[in-house]
Amino acid sequence: MKKEDNIYSMIELDIVSSSILNALNAQIAIINPDGNVVAFNQKWKLFRESLQENWSHPGLEANILKSLQTPLAEGNDFALRLLLGIKDVLGREINTFETKYRLTSEDQEHWFKITITSLGIEQGAVLVYEDISAQIESSKYLKETRQKFENHFHNSLYGILISDENHSVIEANSVACNILGTTREAITYSTVNNYLNVDLDIEHIQKRINREGNYIGESEIIAVDGKKIPIELSVTLFRNEDGKPISSWAFKDISDKKITEQALKETEQQYKMQFNNTLEGIFIGRPNGLILKANPAACDILGYTAEELEGQHRDIIFDLENPSNAAAVANRREKGSIKAEVEFTHKDGHKIPVEVSSVIFNAEDGTEKTIINIKDISSRKSVEKQLIAEKEFTESAISSLPTAFFVFSTEGEMIRWNDVLEEDLGYTAREIARMNVMQLVHPDDRPVLEDILAGELVGNRVSIEARCITKAGKTLHYLLSGTSFEQNGETYIVGGGLNRNNIKEIEKEKNRNAELLSQLFENSPIGIVLIDTNGIVQNSNKSFEQIFGYTPEELSGQNLDHAIVQNYMDQQAKTLSRLSFTGDTFQTETMRVNKAGQEIPVLIGGVPVEVDGEVIAIYGMYVDISERKELENQIVELLETEKKARLHMQDMFEEAPSAIAMLEGEDHRFTFANDTSKKLINKEDLVDKPVSEVLPEIVEQGFIELLDICYSEGKVFNFNEKKVYFNNGDISQPTIHYLNFVFKPLRNDDNKVYGIFIEAVDVTEQVKTRNLIEKSLAEKNTLLGEVHHRVKNNLAIISGLLELELMGTPDQEVGKHLQSTQARITSIAKIHELLYQNESLSHVNFKNYIESILSSESKNPERIIQNFDLQDVNLNVNQAIPTSMLLNEIISCLKDINCQNYGEGSGDLTFVLKEANESVSIEFKEGNRALFKDFNNCDKVTSELRMELIEVLLRQIRGKMNISADGQGTLTINFAKREAKGPHNALIN
């Protein structure tokens, strides 16, 4: 085996043939007529050594026809075609055969274009393997990219119209056809101006894109039926294979958005009307107490005008010295909102109890503001105070009764009793509450009580003697008297028990009780009047006089109905009187008239007075409920307002473009889901169903645990571009979405979490589009790197061709010029080689470039640079290339001077590369040999062309070259780093 210039051969090859085999960027082998390999180049050898199995690249003297038997046995069709092609060429049936061949090694796939060319009769053939793996991968990628583009085009949520240079529609997707109300066939070749009223001039469009981007904004598109549809419009320009401009118009129907904006405007108007016309006081201000705005109701409540309040501090109407007021302000700052009862100060100085609700929010200008709602509750407080007084009076009256008092149900459950009953029987209140009334009655007397409870009780008065058992087991004789009444559909017995064992004590207390009852009658906060069986007033108390304006003297002896009952209510009054005289108690709300003729809403109760089972009189009880009625009316109005607000809020949620849902309870049941959320998960029946039942895939993705934490701990969760999938009824093909969504706890008035608010925005298209753009950018960078690689390879081929010319040129002067040209090409190729190996395709590390040049020169006996000091310097490619060519010319010139003055042999120059403040400095320092004194003397050392090139390249990099030939000479080049754009220009001044 012979090795000549990296050619491995069993035959003699001339110098030209060897050089050609080495220079070509292919794997080449020569076979004899029998198929034995007799020669191959270095690339064939290197690839052969990288393979575990070498049947595709046999070694010297190996027969390729036999080597191909191995893949043939495995059914490899590529090997079969190659085998047949080799046989046809060797058999002289054809002169040339071409095929493609796929080879897999170490999980890598290689594609080769194989050319087999006959060398003549009985001379064998040449096999040329060209690696086309990159072209195959590029072809696959282009095909996949085209398919992805078509899928995106047809599946986009945007309507897309593509027009040619004449503005004729050449393509439209289904969304565009649906919006325009037409078909793809009907819209093709129509003019874009039929639908879009925009500037179609390509130059103007390109300028707009360069200046403002692709997004045009809101516009209108005209449907086929003439309807104008509001849209968001974008435009993209690109060119087809012929270089002609193509326009892509993408648009989205925003009709729903416009409707929503209009609804928001109407809502704002409604809010202004409500602010000015509501009966509830409203302030808008700052958290520091500054009043910005006050509505008319607030001014009426506090006695100020709006001008007097707006711009003032809250101190004029809100006393922070009041503990409840100070606590409310502190609580609002801590929680962001409050609802409490506080006191405001009227303009005249008196205090007004109000119910206040306040919240702090961020305004559109980014500042904090507060909304304060106040409601005057003076009337309610007065009623509450009266009710408390009445309750205390009733409790005092019951507690002051000298006999046992009780209330129990027909089932025997003890409802109410006084201390006398506890003292008589010896039981505690807790013990009586747990007992049935039958347990207190002697067993022998229980049947009597059972018969009474089983009979018709309502309105009947009961009076019996029965024995009761004390806790100590003693027997007490009681005279039990009571009556029955109904409340909420239940019948109860109310009455008292006279301890016959203490009858004498009771007699002694009789007068005291009579006095007590008289005081109870006179001082009761309830208006009481006593009438006989004919309806004639016998007596009335002070509260009755306050309600109706009649003194006891004025009413005494008069018919009560004639005095306080309107004519149209005579029949009702007679009915109530009849109920009382039959022994029935009653309670009802109605209208009565006072002495001045004004109607008053009252609560009326009637209690008959019986003697020996005969009704001899009636106590009529009257409570003025005017304030309560007014309060009830206000409550009804507030409830109606709240109901309308809830309905309005629900409508807003339904029309929201984002998916909104509300969950309640520990099992997270849907209580609300708008149409957007139903479309997102492709389910309609959601309400009152737990999330885990409706969306089991959510459990698999771990969101149930987050919902549990949100519910139990009140924690808010926010997600951006979160990947979520929904089965949509098909587990095998779930739908994947990228969502921006939030889990936010819902709290009641007690600040306890009762549910979760969920809002999600589908950003799937944005994420997919961004990923596609990033992938496309990476692929373009790869292609640009391949361009540098191809440029470097092509320059290497040119260099190889020049090498062939050098071998065949006997003229030394011509050879010298060819070597100079070859060096220039090599300096450019090195730059492209570094760019291909770099991550950056626009910048090159010039230190690496110099090191690669010096390493290639290290074995050259004519090298002139022995030492070097290099810093990392990154240059733009359009500066790096002329700089590399400049250094090549200078080094070549110095080599010529060295050879002319000192003969053959290496020099002793030191090369320095450094950078400071964006300025690059390159220095050549002499050693013992003086080279720079002859540098500018081109007649002796070099040609005029080289010096012209040095001047032109210096202008290109905008650099300066200084030569100091005194003492130890130095050649210095200085230039500023800059981002040069476009190809380097030799004509730069």
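Me: How do you know how far to trust the predicted model, and where is confidence lowest and highest?
Reply: The protein averages a pLDDT of 80, and 82% of the residues score at least 70. Confidence is lowest in strand β1 (residues 2-4), with a mean of 46, and highest in strand β39 (residues 970-976), at 91. Over residues 1-5 pLDDT stays under 50, and the stretch 983-989 also stays under 50.

Me: What makes one side of helix α9 the buried side?
Reply: Ile202, Ile205 and Ile209 are the buried residues of α9 (residues 202-212). They cover an arc of only 60° around the axis, so they sit on the same side of α9. On the other side, Glu203, Asn210 and Arg211 are exposed. The cover over the buried residues includes β11 (228-239) and β12 (245-253).

Me: Why is Asp201 said to cap α9?
Reply: A side-chain oxygen of Asp201 lies 3.2 Å from the backbone nitrogen of Glu203, at the N-terminal end of α9. A polar contact needs N or O atoms within 3.5 Å, so the pair qualifies. After α9 comes Gly213, with a positive phi near 95°.

Me: Why is the set around Leu894 and Phe924 called a nonpolar core?
Reply: The name applies because a nonpolar core is a set of buried residues of listed types, Leu and Phe included, joined through side-chain atoms within 4.5 Å. This one is the largest, with 39 residues, and Leu894 and Phe924 have the most contacts inside it. Elements giving two or more residues include α31 (846-857), β34 (865-870) and α34 (944-957). The largest share, 11 residues, comes from α32. Apart from this core lies another of 32 residues, among them Leu60, Leu68, Leu83 and Ile132.

Me: Which residues does Phe924 contact, leaving aside its neighbours within four places in sequence?
Reply: Among them are Ile865, Leu887, Leu894, Phe911, Phe932 and Leu971.

Me: What makes β28 and β32 a pair of strands?
Reply: Pairing needs at least two bridges. Strand β28 (residues 659-664) and strand β32 (residues 753-762) have 6, in the antiparallel sense, so they count as paired.

How values were computed
Residues are numbered from 1 along each chain as its sequence is written. Side-chain values use heavy atoms; hydrogens and water are left out. pLDDT is the predictor's confidence in each residue, from 0 to 100. Helices (H or I, at least four residues) and strands (E, at least two) are DSSP runs, numbered from the N terminus. Contact means heavy atoms within 4.5 Å. Buried means under 20% relative accessible area, exposed over 50%, partly exposed in between (1.4 Å probe, protein chains only). The arc is that of the directions from the helix axis to the C-beta atoms. A polar contact is a pair of N or O atoms within 3.5 Å; within protein, one must be able to donate a hydrogen and the other to accept it, and residues adjacent in sequence count only if both atoms are side-chain atoms.
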